[in-house]
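Look at the sequence and the model below before reading on. The paragraphs that follow go through the surface, the overall fold, the core and the charged pairs in turn.

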Amino acid sequence: MSCGDPHETECGEVLDHLYEFLDNEMAEGDCAKLRVHFEECSPCLEKYGLEQAIKALIKRSCGCDDTPVDLRTKVLARIDSIRTKQRSGEVVEATEVTVSVEESAGHGAAVATAE
């Protein structure tokens, strides 16, 4: 994704590291670069806001339950797959990804699945 405007940090790079930013897993210097980009780029800021809202919803829904390792692995693999498609210029339709509820280790969990 790119908004078409020149930025010091490219939109694709920002979005590739969005979850690291949201999870506070980045060095402060890198976080600062992303904050500057969000101030300049409304499409990326919108994407940031959406992802932040999704994470908050999942956190509220799951409470304090730990995410099962296999579930986390599956979701991260699906995210990587979608990013790879986007980088190659392939259009990823919203209908390609669905969210379903599965019982995992005795807890309901949201899972991204391909149709």
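A patch, as the word is used here, is made of residues with over 30% relative accessible area and no salt bridge, and nonpolar side chains such as Leu and Ile are joined into one when they lie within 5 Å. The model shown is a predicted one. In this model L50, I54 and I58 make a nonpolar surface patch of about 250 Å². L50 belongs to helix α4. The relative accessible area of L50 is 47%, so this residue counts as partly exposed.

Now take the chain as a whole. How many helices and strands does the protein chain have? There are five helices and two strands. Read along the sequence, they follow the pattern α-α-α-α-α-β-β. The protein chain has 115 residues, and buried residues make up 22% of them. Its accessible surface comes to about 7900 Å², and 54% of that surface belongs to carbon and sulfur atoms. Contacts within the chain can also be sorted by separation in sequence: among those between residues at least 6 apart, 46% join residues at least 24 apart.

Next comes the interior. In soluble globular proteins, nonpolar side chains tend to be buried together. The largest nonpolar core in this model has 13 residues. Which of them touch the most other members? They are L18, F21, M26, L34, F38, C44 and Y48. The elements that give two or more residues to this core are α1, α2 (18-22), α3 and α4.

C44 lies in helix α4. Is C44 buried or exposed? With a relative accessible area of 0%, C44 is buried, because the cut-off for that class is under 20%. C44 is 32 residues away from G12 in sequence, while the C-alpha atoms of C44 and G12 are 9.3 Å apart in space.

The last topic is charge. Side chains of opposite charge can pair when their charged atoms come close.

K33 and E13 form a salt bridge through their side chains, with an N to O distance of 4.0 Å. This pair links distant parts of the chain: K33 sits in helix α3 (residues 28-40) and E13 in helix α1 (residues 11-16), 20 residues apart. K33 is partly exposed at 34% relative accessible area, and E13 is partly exposed at 38%.

R35 and E28 form another salt bridge, with 3.0 Å from N to O. The relative accessibility of R35 is 37%, so R35 counts as partly exposed. E28, with a relative accessible area of 52%, is exposed, because exposed means over 50%.

E51 and K47 also form a salt bridge, and their closest N and O atoms are 3.2 Å apart. Why are E51 and K47 separated by about one helical turn? The reason is that they are four residues apart in helix α4 (residues 42-62). E51 counts as buried, at 7% relative accessibility, whereas K47 is partly exposed, with a relative accessible area of 32%.

Notes:
Residues are numbered from 1 along each chain as its sequence is written. This is a predicted model: local features need pLDDT of at least 70, side-chain atom pairs count only at pLDDT 80 or more; totals for chains, interfaces and linings use all residues. Side-chain values use heavy atoms; hydrogens and water are left out. Buried means under 20% relative accessible area, exposed over 50%, partly exposed in between (1.4 Å probe, protein chains only). Patches are made of residues with over 30% relative accessible area and no salt bridge: like charges are joined within 9 Å, nonpolar side chains (Val, Leu, Ile, Met, Phe, Trp, Tyr) within 5 Å. Accessible areas come from the Shrake-Rupley method with a 1.4 Å probe; for residues, only the protein chains shown count as cover. A nonpolar core is a set of buried Ala, Val, Leu, Ile, Met, Phe, Trp, Tyr and Cys residues joined through side-chain atoms within 4.5 Å. Contact means heavy atoms within 4.5 Å.
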